Amino acid sequence: VLNCVLYYKQGIMRKTFLGLLLCLHTVVFAQNKKPLDHTVYDSWQSIGEKKISNDGKWIAYVVNVQEGDGTLQIQSADQAYKKNIDRGYNIFITDDSRFLICKIKPLYADTRQSRIKKKTPDSFTKDSLAIIELGKDSVFKTARVKSFQAPEKNNKWVAWHLEKPLADTAKKKKTKDSLVA
């Protein structure tokens with residue numbers, strides 16, 4: 001009976017010692033972590049849109065930040081080619097996996113300042129369109145694009161809808177949207 005009591009007390013002591021050791025370990029490593037505050041949230045990133053080409057050779061994804069400008073990252077599957085398009089979004093890869101088409105947002109700081117100054121939406125900086133030939137560094141860009149469209153199959157063309165041109169104060173002439181194909 002005495003042996004059973006001693007064995008039982010040793011088991012309790014071992015568990016107590018192990019518990020204290022785990023608590024000490026937690027306290028020591030908790031001091032090395034940076035406390036969470038609002039400055040930490042701004043550095044967090046997330047993956048937004050994701051696209052893979054039909055032949056599987058090209059990968060494109062958008063890395064979004066909490067506040068500020070995200071980045072469109074384009075790379076080949078073998079990672080031999082990498083290209084970043086700042087503020088890129090709305091990804092479209094052509095059926096033949098030759099081109100990537102996307103829109104580019106205006107700078108976050110410019111948009112924020114326009115809202116703070118309570119400018120009219122027509123005077124805000126507008127999106128742009130980028131057409132990238134995959135595997136090469138050539139990028140075609142055009143400004144003030146509302147939207148774009150390309151066919152799902154046999155895409156030999158792309159059409160985009162332009163915003164109204166900026167009103168020229170000298171002419172006072174009404175302008176209309178444009179469609180480019």
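Helices (DSSP runs of H or I, at least four residues) and strands (DSSP runs of E, at least two residues) are numbered from the N terminus. The model is a predicted one, in which local features need pLDDT of at least 70 and side-chain atom pairs count only at pLDDT 80 or more, while totals for chains, interfaces and linings use all residues. Residues are numbered from 1 along each chain as its sequence is written, and side-chain values use heavy atoms, with hydrogens and water left out.

The chain contains three helices and 11 strands. Read from the N terminus, the order of the elements is α-α-β-β-β-β-β-β-α-β-β-β-β-β. Residues are classed as buried (under 20% relative accessible area), exposed (over 50%) or partly exposed (in between), with a 1.4 Å probe and protein chains only. By this classification, 29% of the 181 residues of the chain are buried.

Arg144, in the loop between strand 8 and strand 9, has a phi near 60 degrees, a positive value in a residue other than glycine. The relative accessibility of Arg144 is 21%, so this residue counts as partly exposed. A positive phi near 60 degrees is also found for Gln79, again a residue other than glycine; Gln79 is placed in the loop between strand 3 and strand 4.

Salt bridges were assigned where a side-chain nitrogen of Lys or Arg lies within 4 Å of a carboxyl oxygen of Asp or Glu. Side chains of opposite charge can pair when their charged atoms come close. The count comes to three salt bridges. In one of them, Arg98 and Glu133 meet with an N to O distance of 3.6 Å. This pair links distant parts of the chain, 35 residues apart: Arg98 belongs to the loop between strand 5 (88-93) and strand 6 (99-104), and Glu133 to strand 7 (residues 128-133). Arg98 is partly exposed, at a relative accessible area of 44%, whereas Glu133 is buried, at 16%. Glu133 also forms a salt bridge with Lys136, the closest N and O atoms being 3.3 Å apart. Lys136 has a relative accessible area of 46% and is therefore partly exposed.

Asp127 lies in the loop between helix 3 (108-116) and strand 7, and Lys103 in strand 6, so the pair ties together parts that are 24 residues apart in sequence. Asp127 is buried, at 15% relative accessibility, and Lys103 is buried too, with a relative accessible area of 7%.

Aromatic pairs were defined for rings of Phe, Tyr and Trp (its six-membered ring) whose centres lie within 6.5 Å, the planes being stacked under 30 degrees, edge-to-face over 60 degrees and tilted for the rest. The structure holds two such pairs. Trp58 and Tyr81 are arranged edge-to-face, at 5.4 Å centre to centre and with 90 degrees between the planes. The two residues are 23 apart and link distant parts of the chain, with Trp58 in strand 2 (residues 58-65) and Tyr81 in the loop between strand 3 (71-76) and strand 4 (82-86). Trp58 counts as buried at 12% relative accessibility, as does Tyr81 with a relative accessible area of 10%. Phe140 and Trp160 form a tilted pair, at 6.0 Å centre to centre and with 45 degrees between the planes. Here too the pair links distant parts of the chain, 20 residues apart: Phe140 is in strand 8 (residues 139-143) and Trp160 in strand 10. Phe140 is partly exposed, with a relative accessible area of 42%, while Trp160 counts as buried at 11% relative accessibility.

Surface patches were built from residues with over 30% relative accessible area and no salt bridge, like charges being joined within 9 Å and nonpolar side chains (Val, Leu, Ile, Met, Phe, Trp, Tyr) within 5 Å. Accessible areas come from the Shrake-Rupley method with a 1.4 Å probe; for residues, only the protein chains shown count as cover. Leu36, Tyr41 and Trp44 make a nonpolar surface patch of about 320 Å². Leu36 is located in the loop between helix 1 (2-30) and helix 2 (38-41) and is exposed, with a relative accessible area of 60%.

A patch of negative charge gathers Asp55, Asp95, Asp96 and Glu152 on the surface. Glu152 is placed in the loop between strand 9 (145-149) and strand 10 (159-162), and is exposed, with a relative accessible area of 64%.

How values were computed:
Lys and Arg count as positive and Asp and Glu as negative; His and the chain ends are not counted. The place of a charge is taken as NZ of Lys, CZ of Arg, CG of Asp or CD of Glu.
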